[in-house]
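Dear colleague,

I am handing over the structure below, and after it you will find my notes on what was computed from it. Please read them alongside the coordinates.

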Amino acid sequence: MSTVTDPRPRQDLDPAERSIVLVGLMGAGKSCIGRKLAQRLGLRFVDADSEIEAAAGCSIPEIFERHGEAAFRDGERRVIARLLESHDRQVLATGGGAFMDAGTRRAIAGTGVSVWLRADLELLLRRTSRRSKRPLLRRGNPRETLSRLIGERYPVYAEADITVDSVDGPPDETVDRVLEALKRHGAVR
Ligand SMILES: Nc1ncnc2c1ncn2[C@@H]1O[C@H](COP(=O)(O)OP(=O)(O)O)[C@@H](O)[C@H]1O
Ligand SMILES: O=C(O)C1=C[C@@H](OP(=O)(O)O)[C@@H](O)[C@H](O)C1
Ligand SMILES: [Mg+2]
């Protein structure tokens with residue numbers, strides 16, 4: 001007889017069975033590096049932001065405008081919990097604010113291995129200057145906003161299982177660094 005629920009405590013999951021979950025600030029490269037990492041590992045790639053947009057039937061700026069940030073955060077928490085409940089191993093790029101939620105951090109610790117893509121302010125500014133799809137950077141001064149978010153969020157991102165510096169070179173260079181770190185952690189063989 002088969003059971004629907006997995007009887008193993010999630011903490012016992014082998015690191016090599018866990019989904020790889022990228023966290024970090026806007027512009028760190030979670031979406032870009034996550035997609036390439038998934039290709040290299042032959043795993044499914046999921047971007048939490050795209051899933052939220054699909055579930056809401058509108059873009060992230062529209063969700064913020066119509067329903068406010070709190071509603072976006074509710075959707076984000078639910079979507080990430082659903083994605084992590086799936087037993088398929090995947091590479092999941094979260095949005096920059098997701099890991100700030102304690103429940104989301106617990107869910108990630110349950111079935112994932114978290115990787116903080118760390119980047120400095122100048123790199124984040126350069127990478128986020130081209131597109132304006134991020135509501136938090138649409139108003140005010142992006143340097144001040146990102147600098148404040150670094151102060152608020154970096155101590156929390158530091159709780160991730162693995163930290164990798166997102167470098168100012170070709171994306172594959174950062175993908176290589178992530179792969180090496182995952183191997184050291186036992187999450188990739
Ligand atoms: N390592 C990298 N090297 C060069 N460009 C990058 C790198 N990582 C990301 N980018 C570019 O920077 C921008 C922001 O990256 P993105 O993956 O959307 O970041 P995030 O999802 O963390 O907000 C994108 O245009 C992406 O192509
Ligand atoms: O940092 C944040 O609070 C946000 C980051 C965005 O994702 P990226 O980090 O992929 O840009 C997106 O989820 C939303 O605009 C809010
Ligand atoms: Mg992204």
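How many nonpolar, polar and charged residues does the shell around ligand 2 have? By class, that shell has four nonpolar, four polar and three charged residues, where Ala, Val, Leu, Ile, Met, Phe, Trp, Tyr, Cys and Pro count as nonpolar, Asp, Glu, Lys and Arg as charged, and the others, Gly among them, as polar.

Before going further, please note that this is a predicted model, in which local features need pLDDT of at least 70 and side-chain atom pairs count only at pLDDT 80 or more, while totals for chains, interfaces and linings use all residues. Residues are numbered from 1 along each chain as its sequence is written, and chains are lettered from A and ligands numbered from 1 in the order in which they are written.

The residues around ligand 2 are M26, K30, S31, D49, I60, G95, G96, G97, R134, P135 and L136, a residue being near a molecule if its C-beta atom, placed from the backbone, lies within 6 Å of it. Two or more residues of this shell come from each of the elements α1 (30-41) and α7 (135-138); helices (H or I, at least four residues) and strands (E, at least two) are DSSP runs, numbered from the N terminus.

The UniProt record, an unreviewed entry, places the feature "binding site" at D49, R73, G96 and R153; its positions are given in the numbering used here, feature names are shortened, and annotations may be inferred rather than shown by experiment. Of these, G96 sits in the loop between β3 (90-93) and α5 (102-111) and is buried, because 22 other C-beta atoms lie within 10 Å (buried means 20 or more such atoms, exposed 12 or fewer, and partly exposed in between, with C-beta atoms placed from the backbone). Setting aside residues up to four places away in sequence, G96 touches G24, L25 and M26, contact meaning that the C-beta atoms, placed from the backbone, lie within 7 Å. R73, which belongs to helix α4 (residues 69-85), is partly exposed, with 16 other C-beta atoms within 10 Å, and beyond its neighbours within four places in sequence R73 is in contact with G97 and D101.

As for the protein chain as a whole, it has nine helices and five strands, and buried residues make up 33% of its 189 residues. Among contacts with a separation of 6 or more, 77% are between residues 24 or more positions apart.

With regards

Key
Two residues are in contact if their C-beta atoms, placed from the backbone, lie within 7 Å.
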